[in-house]
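Open the model in your viewer and keep the sequence panel beside it. We will go from stop to stop, selecting as we go.

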Amino acid sequence: MSGREAEKARERAGATGAGVAPCVGEVRRLVVKIGSSTLTTSESTIDYAYLNRMADQIARVREAGWRPVIVTSAAIACGLEALGIVERPHDMPSLQAAASVGQGALSAAYAQAFARHGLLTSVVLLTRRDTADRTAYLHARDTLLRLLDLGVVPVVNENDTVSVEQIRFGDNDTLAALVACLIDADLMVILSDIDGLYDANPHRVEGARLIGRVERIDQAVMDVAGEAGTTVGSGGMITKIKAARVLMAAGIPMVICNGRAPDAVVRAAEGEEMGTRFVAAARPHEITPKKLWIALGDAARGSVTVDEGAKDALVRRGSSLLCVGVAAVEGHFDAGDIVDIKDAEGHLFARGKAAFASDEVELACGHTREAMERNRLLAPLATRPLVHRDELIVFE
């Protein structure tokens, strides 16, 4: 076990170290995600005063021993501002042109704000095309870790100039979770325009209560998060909860808090109770870098619904998924594609790499193992796992 792995093991064994300020000389990794609604003004232009205050906070957490990575939004907003376009266009070429102009302006704004503290920033632009390929995924990891070793503050964003629907992350919450897993972060902080996760939509329900801590994400939590969202960013609360679900499986705590709260990043890094903190109570499943890549590196091409027996085997017994446990198939996928795994209630509780195509699995649905073994077409599906345990990540 490496020194860092031992350090992580000690932290998780203690179960109280999530987010606590590091000791002198200890280096820990922090991912800070800043959404468009937090980084822009009400006129959807960059809030440069806020960016300066953020640079102040990043400098402070660095002095405390953290090595931060920023995942930023607002390249399009910055480009529209530079181009003098008041109303956000709807056509893709205009949005991508704005992103092209805005990314340079946004990067310059970060560089200028952080230079006041003698900090060097870099630009890392990613799409799903980069992370769906495992080799490229590993190269991205190595680049980010080397930047941190060199004392640089990487500023990561989706490459909106070339992104299309098929290769978009869709929201920077997912991208931030990917980055946190890439660098094996000790904490991720999402700066939002809302104080955290509430037990009801606070914009609609008077007296909605802020949930301070979440140790398990079940369907009830997903349902509560489903309605929240903003008009400025591309993600809502549901995308943040999905990011938390993966990070909890990886043993990485995550905080959602109001990005406009004074010293939000510093306070979250110090472990102060603010916003909503997501911390897994236990890590019953082995989480490898390959499984984290499966969870976040590529978009799912389809899904399978499994029966209660199969779910129990996956969640509690650490088994692989066999076709005999599949009750239904949704979407089209080929062997080697990533698929979501849902229970009978439609709750997504796992994800993995399929060994068979969707049309093959559909043929096996409803058949017993013995019936499949007697059929020459279905015999290979009788005993060989649809999703092997080594290529499956469970979120519960």
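How many residues does helix H10 have, and how far does it reach from its first C-alpha to its last? Select residues 237-250 to find out. This model is predicted. In it, H10 has 14 residues and reaches 20 Å. That is close to the 20 Å expected at 1.5 Å a residue.

**Stop 1: around H10**

Keep H10 selected and show the surface of the rest. Buried here means under 20% relative accessible area. Colour some of these buried residues, including Met237, Lys240, Arg245 and Leu247. Ala243, Ala244, Ala249 and Ala250 are also among them. Now step just past the end of H10. Gly251 sits there, with a positive phi of about 80 degrees.

**Stop 2: the eight-stranded sheet**

Switch to a cartoon view. Look for an open sheet of eight strands. Trace it in the order S3-S4-S2-S1-S5-S7-S8-S6. The pairing is mixed. Which strands stand at the edges? They are S3 (121-126) and S6 (213-214), and each pairs on one side only.

Bring H10 back into view. H10 packs on this sheet. It touches S1 (28-34), S5 (187-192), S6, S7 (254-258) and S8. The direction of H10 makes about 155 degrees with that of S7.

Next, select S6 together with S8 (residues 276-278). These two strands pair in the parallel sense, over two bridges. Zoom in on Val214, which stands opposite Phe278 in S8.

**Stop 3**

How many bridges join S9 to S10? Select S9, residues 302-306. Five bridges join S9 to S10, and the two run antiparallel. Pick out Ser303, which stands opposite Glu330 in S10.

**Stop 4: Ser358**

Select Ser358, found in helix H14 (residues 358-364). Is Ser358 buried or exposed? Its relative accessibility is 3%, so Ser358 counts as buried. Show the side chains of Ser358 and His332: a polar contact of 3.4 Å joins them. Leaving out residues up to four places away in sequence, Ser358 touches Val329, Gly331, His332 and Phe333.

**Stop 5: confidence**

Colour the chain by pLDDT. The average is 84, and 85% of the residues score at least 70. Which elements have the lowest and the highest mean pLDDT? Helix H1 (residues 3-14) has the lowest, at 42, and helix H11 (residues 264-269) the highest, at 97. Select residues 1-21, where pLDDT stays under 50. The model has 41 contacts for this stretch beyond four places in sequence. Then select residues 164-169, where pLDDT is also below 50. This stretch has 18 contacts in the model beyond near neighbours in sequence.

**Last stop: the whole chain**

Zoom out. The chain has 16 helices and 13 strands. Buried residues make up 52% of its 396 residues. Among contacts between residues at least 6 apart in sequence, 73% join residues at least 24 apart.

How values were computed: Residues are numbered from 1 along each chain as its sequence is written. Side-chain values use heavy atoms; hydrogens and water are left out. Helices (H or I, at least four residues) and strands (E, at least two) are DSSP runs, numbered from the N terminus. The expected span of a helix is 1.5 Å times one less than its number of residues. Buried means under 20% relative accessible area, exposed over 50%, partly exposed in between (1.4 Å probe, protein chains only). Two strands pair if DSSP finds at least two bridges between them. Contact means heavy atoms within 4.5 Å. Axes are lines fitted to C-alpha atoms, for helices over the stretch in contact, and angles run from 0 to 180 degrees between N-to-C directions. pLDDT is the predictor's confidence in each residue, from 0 to 100. A polar contact is a pair of N or O atoms within 3.5 Å; within protein, one must be able to donate a hydrogen and the other to accept it, and residues adjacent in sequence count only if both atoms are side-chain atoms.
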